[in-house]
Amino acid sequence: MSDSGEMSEFGYIMDLLARGKVTIKNIERELICPACKELFTHPLILPCQHNICHKCVKELLLTLDDSFNDVGSDNSNQSSPRLWVTSPSLDKIDRINRPGWKRNSLTPKTTTFPCPGCEHDVDLGERGINGLFRNFTLETIVERYRQAARAATAIMCDLCKPPPQESTKSCMDCSASYCNECFKIYHPWGTIKAQHEYVGPTTNFRPKILMCPEHETERINMYCELCRRPVCHLCKLGGNHSNHRVTTMSSAYKTLKEKLSKDIDYLIGKESQVKSQISELNLLMKETECNGERAKEDAITHFEKLFEILEERKSCVLKAIDASKKLRLDKFQTQMEEYQGLLENNGLVGYAQEVLKETDQSCFVQTAKQLHLRIQKATESLKSFRPAAQTSFEDYVINTSKQTELLGELSFFSSGIDVPEINEEQSKVYNNALINWHHPEKDTADSYVLEYRKINRDEEMLSWNEIEVCGTSKVISELESNCNYAFRVRAYKGSICSPCSRELVLRTPPAPVFNFLFDEKCGYNNEHLLLNLKRDRVESRAGFNLLLAAERIQVGYYTSLDYIIGDVGITKGKHFWAFRVEPYSYLVKAGVASSDKLQEWLRSPRDAGSPRYEQDSGHDSGSEDACFDSSQRFTLVTIGMKKFFLPKSPTFNETENRVLPMPTSIGVFLDYDKGRVSFYDMDHMKCLYERQVDCSSTMYPAFALMGSGGIQLEEPITSKYLEYHEDM
């Protein structure tokens, strides 16, 4: 752009400023660096198309370098490398910007940092800051703005002897400002310097030709449409832009200038519309403020009514308690006075003893009759002591559970928005929580807010965590193991909110999820078992060999168990996994087994003639019922015919019920360090059975099938589910 053209555009902008079309505040917002919050100084264009000062980029990178070094050396507790730490010293920054500074003498090692404008990570690549373009256009506009802002401040001549004169020209080739006399001296007519380019007084000097940062000796003459940045012909021939679509700089200049001009004209042409919309927004803000205050007053009125009712009920309850207390105390006082009278009857006893000395029978009878009644009354009081009243006030305990629940659900009117309901059958917790809900009327809510919180053992409720959801399901991760969590959801339509749904409480597994698949090599019998391609489901099928061996049933032959194990072993820690047994399954065994026990089970060939199966034993040597040793190297439970069979143990009598309904999903918890295995009902996260197991060697998830049956490993809520919704 020529100097005359730039000056005319600048005059146009200043004219708009003078007429109030564009405010200075808005221009400042575009000319301020997002890092230092000051006017740009030597701005660079980042890959995200935001601008930042050259000095600010250096400072950010050096700051991150220092923070990473501090984290590595001091083992800091900072959770994120984006935490701002003390900036590097000014001496270090000054050394970077000195003219004699060498390229690699203080180059920051870090090349990735968050853009201060959009907070997205910016990777500068191998060339670092050297690969960024300097935004000369923005630099020129900033300088012109500075000149306009300080119109009364003059730029002095750089070559005058003190005192310097006010400059009238600035030479772009010499990067200096001159008064008329000095300009004539240093740019004499007929010399090469007389051909230098000069402009009005300025402090912003930029090179006449924009050079390529990748190829420092090449001039920028093309524009990459894909990367949206200027390039040179070497970049197009064999550089990073060889396969990109490029256009000439003049064409890009013309196209971008036309677009920018149209956008500016559009914004200026919509000035009246924008002003009317601003006025409307101001009215809406005032109306919102008034309505909000009115809503607060109404809410305060309703709560004050509730407080009045509570105070009234409180007064009645306290009066009833005081009346009962007074009545009981009066009874105790009367009884105490009666017993106090017994103490005063010590004289009566002495009097009775004197009466006994009377020898005249008629006189004695006359006196002793009344005396006997008095002594008999005192004797009966001593024989049966009962307090006159109760000290307990159990009948006066206030039951506020229902009222507390109602007050906890206190909310605004739904205004036609139905309360969503959480689907308990489709909601479950494994390593993450999958919460599903449905709305009675479809498409009535714009969005939902799912709330969840942890419930401590003492029933203490923590604050709710909120997640905004557009659909009717959500996966929640990073939940703590072996904890209860409460979930609820509410619907939003515009700014109107429905009441919260009924809370659903789910318990997380007692340990992190152990991921494994069925092992298709170790002990897997493909004649009897059918494994799917994903290796997370296995089915038992009757083969031809099994039918040929059926003739041995006449001599007590029993069908063998077919074992299959997990492809990953456990050598330490706590682990949890879950599986489903198909309802049609005849007999399935599941649990854990050590590596040496598995070798013992699997060393014999899987055929009917194997010595592992005795004709008359009628029992599988791999059964967990064979012994009650607390330190055995395996533990398996039996599932089949829609039942869950608890293994025999010394704590179970034969008369006890060892048969439970088969859970929909069964969980296994192995604490390797403590040598303990537990089996859970996943529907209620309830422990069904646990026992000690010898974990002196590597332990594997173990399964066995006999007859028809199927086992499906539970997916850990699920990568498939997440990928599906990401694709959506």
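Two residues are in contact when heavy atoms of theirs lie within 4.5 Å. Keep that in mind as we walk through this structure, which is a predicted model.

**Starting with Glu139**

Leaving out residues up to four places away in sequence, Glu139 touches His42, Pro43, Arg134 and Asn204. With Arg134 there is also a polar contact, side chain to side chain, at 2.6 Å. Glu139 sits in helix H5, which covers residues 136-149. Is Glu139 buried or exposed? Its relative accessible area is 7%, and the cut-off for buried is under 20%, so Glu139 counts as buried.

**The whole protein**

Now let's zoom out. The protein has 728 residues, and 33% of them count as buried. There are 15 helices and 33 strands. If you take the contacts with a separation of 6 or more, 61% of them are between residues 24 or more positions apart.

Part of the surface is a nonpolar patch of about 670 Å², made by Phe303, Leu306, Phe307, Ile309, Leu310, Leu407 and Leu410. Helix H9 (residues 271-344) gives the largest share of the patch, five residues. Leu407, for its part, belongs to helix H12 (residues 401-408).

**A strand tucked inside**

Next up is strand S29, residues 666-671. Why is S29 described as largely enclosed by the rest of the structure? Because six of its six residues are buried. In a regular strand, side chains alternate between the two faces of the sheet. In S29, Ile666, Val668 and Leu670 point one way, while Gly667, Phe669 and Asp671 point the other way.

S29 has these strands as partners. It pairs with strand S24 (residues 574-581) in the antiparallel sense over six bridges, and Leu670 of S29 is the bridge partner of His575. Strand S30 (residues 676-681) also runs antiparallel to S29, joined by six bridges. Here Ile666 has Asp681 in S30 as its bridge partner. S29 and S30 make a hairpin with four residues between them, and Gly675 in the turn has a positive phi of about 65°.

**Salt bridges**

How many salt bridges does the count come to? The count is 20. A few of them are set out here:

| Glu466 | Arg490 | 3.3 Å |

Take the pair Glu466 and Arg490, whose side chains meet in a salt bridge. Glu466 is in strand S16 (residues 465-469) and Arg490 in strand S18 (residues 484-493), so this pair ties together parts that are 24 residues apart in sequence. Glu466 is exposed at 52% relative accessibility, whereas Arg490 is buried at 10%.

Glu503 lies in the loop between strands S19 and S20, and Arg488 in strand S18, 15 residues apart. Glu503 is partly exposed at 32% relative accessibility, but Arg488 is buried at 16%.

Arg633 is in the loop between helix H14 and strand S26, and Asp596 is in helix H14, 37 residues apart. Both ends are partly exposed: Arg633 at 29% relative accessibility and Asp596 at 30%. Salt bridges that share partners also join Glu451, Glu466, Arg488, Arg490 and Glu503 into one network.

Conventions
Residues are numbered from 1 along each chain as its sequence is written. This is a predicted model: local features need pLDDT of at least 70, side-chain atom pairs count only at pLDDT 80 or more; totals for chains, interfaces and linings use all residues. Side-chain values use heavy atoms; hydrogens and water are left out. Helices (H or I, at least four residues) and strands (E, at least two) are DSSP runs, numbered from the N terminus. Buried means under 20% relative accessible area, exposed over 50%, partly exposed in between (1.4 Å probe, protein chains only). A polar contact is a pair of N or O atoms within 3.5 Å; within protein, one must be able to donate a hydrogen and the other to accept it, and residues adjacent in sequence count only if both atoms are side-chain atoms. Patches are made of residues with over 30% relative accessible area and no salt bridge: like charges are joined within 9 Å, nonpolar side chains (Val, Leu, Ile, Met, Phe, Trp, Tyr) within 5 Å. Accessible areas come from the Shrake-Rupley method with a 1.4 Å probe; for residues, only the protein chains shown count as cover. A salt bridge is a side-chain nitrogen of Lys or Arg within 4 Å of a carboxyl oxygen of Asp or Glu. Two strands pair if DSSP finds at least two bridges between them.
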